[in-house]
Amino acid sequence: MEREKKLLEVEGPVGAVEDSCYRDESSYIPTYAFWLNYGQKADDWPIGQPVPLPKWGSSRPPLVVSSIEEYEELTRQFENEVQLLLQEYNYDSITNFIKFYNEFKNGKYETLEYFFRKYQPPLTKNANTCVGLGLLLIGKLALLESRFPGVKNSLYLVSCEESIESHEGYISNDYPDPWVSDKEHVMVAMQIEINGRGGVILLDPGYQIGRVITVMIDQQYPHTGRFVPSSCPQKEYCYQTMVGEKYVQWSVWNGSNKPETNLVYVGASYHSPVSVTERRNLVYNFRSLLATNNKGHLLAGVYFKAALQSTFTLFCDDDKDPTIKHRIKVPSDKFITLNEIDNEVEKILNTSSKHLKMTKVQFCNILSGVAKILEDNDFLDQMCKINDDIFKLGVDENNNNEGVNNYNLSG
């Protein structure tokens, strides 16, 4: 695919990372030129494949710390940075979805599939999914280099495959099989060595986790055991290494004795966060705009299924008593003209916009913009078809041996 820097929009000096080094935040490349360098060429996106084939780079050197005390100081600094990030930035998978739709309609393309292949996903500083949040966090953590020499070379983005039914075939190669991977999520990682003991640190602002996750190979302290995330108090998370320490298994319990399994590939830096992950999320059938506090507790937002005449779920903590939770479901078409909003919804909009760090007019414009999209049945049908094709990647075992040995996985 032709790579045009002008199409990769960035509002402000958002950080980009290089595989060999990370730059001082003040000198970060505002056009994310590094990720353009790893954008997809035509032969990286075979005909019939719903998303480009993901790529990985080299493994990153571990940060060696001499004592538990040094590790604890490092993770205190990391935790402070991720909490400041969660407090400052929303999670937003709606704004860029609206941009995607508008460019498709304005361009008068015959099919969404054609446009989806042509489109260069934007990175917008104040409208971030897991990709933008991960890049922003790496930029902030890299500034700790003077206190912890080597940290900037050890930080990297890692890819995550969610809801794995059977991981035996998935992990049988040195890299995840690109033909059956859609890589819908990314995290920040850093290999670490403490007195000769190996492990990996994970940070996940995309899932609003306001803490450092440490996964030690021997599962001894400072290994993070099973815990309840502030963003999802009904769930429990647990992480452990597997398969020669190239993967971390992320288990999620959600009211069931059997956990859902996600796999994080930590064996190499992930080089397709924009071309694959950000692109893939543009056609995902669930959207949200979320504000959290520094711990990752959800303060306010909206979420909905991207379907014809959907329903918005608006929620917020009470602005006077945070123990009181407000939640209301509103048909999306009520926001097309904004003339049928009742007082109860108005109150939630007022409180939510404050938590979301925007005016009520800005929030309503976002809801109105997406409500109009949810009236476009033809677009939604085409979008759901692409999303379904991507989803089938993970369950279509026929593709497993199609070309993994002939494809250059390392970017």
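Reader: Why is Y101 called buried?

Author: This is a predicted model, so take the values as computed from it. Y101 has a relative accessible area of 11%, and buried means under 20%, so Y101 counts as buried.

Reader: What makes Y101 and F379 an edge-to-face aromatic pair?

Author: Two values go into that one. Their ring centres lie 4.8 Å apart, and the limit for a pair is within 6.5 Å. The planes stand at 85 degrees, and over 60 counts as edge-to-face. Both conditions hold, so Y101 and F379 are an edge-to-face pair.

Reader: How do you know that the pair links distant parts of the chain?

Author: Look at where the two residues sit: Y101 is in helix α3 (residues 95–107) and F379 is in helix α11 (residues 377–393). They are 278 residues apart.

Reader: Is F379 buried or exposed?

Author: Buried. Its relative accessible area is 0%, and the cut-off is under 20%. Y101 and F379 also belong to one aromatic cluster, along with W45, F97, F100, F104, Y109, Y114, F115, F116 and Y119. Across the model, the count comes to 25 aromatic pairs.

Reader: Why is the pair of Y237 and Y239 called edge-to-face?

Author: The planes of Y237 and Y239 are at 90 degrees, and edge-to-face takes over 60. Their centres are 6.5 Å apart, and a pair needs them within 6.5 Å. So the label is edge-to-face. Both Y237 and Y239 are buried, too.

Reader: What makes R226 a charge over the face of W253?

Author: For the distance part, R226 lies at 3.6 Å from the ring centre of W253, and the limit is within 6 Å. R279 lies over the face of F116 as well, at 5.9 Å from the ring centre. F116 is one of the residues in the aromatic cluster.

Reader: Now the strands. Why is strand β4 described as largely enclosed?

Author: Nine of the ten residues of β4 (residues 185–194) are buried, so the rest of the structure largely encloses this strand.

Reader: How do you know that β4 pairs with β1, β3 and β5?

Author: Count the bridges; a pairing takes at least two. β1 (residues 63–65) runs parallel to β4 with three bridges, and L63 stands opposite I192. β3 (residues 155–161) is antiparallel to β4 over six bridges, with L157 partnered by V188. β5 (residues 197–203) is also antiparallel to β4, with seven bridges, and Q191 has V200 as its bridge partner.

Reader: What lies between β4 and β5?

Author: Two residues, in a hairpin. In the turn, N195 has a positive phi of about 50 degrees.

How values were computed
Residues numbered from 1 in each chain as written. Predicted model: local features only at pLDDT ≥ 70, side-chain atom pairs only at ≥ 80, totals over all residues. Heavy atoms only, no water. Buried < 20%, exposed > 50% of the residue type's maximum accessible area, 1.4 Å probe, protein only. Helix = DSSP H or I, 4+ residues; strand = E, 2+ residues; numbered from the N terminus. Phe/Tyr/Trp six-rings, centres within 6.5 Å; stacked < 30°, edge-to-face > 60°. Lys NZ or Arg CZ within 6 Å of the ring centre and 35° of its normal.
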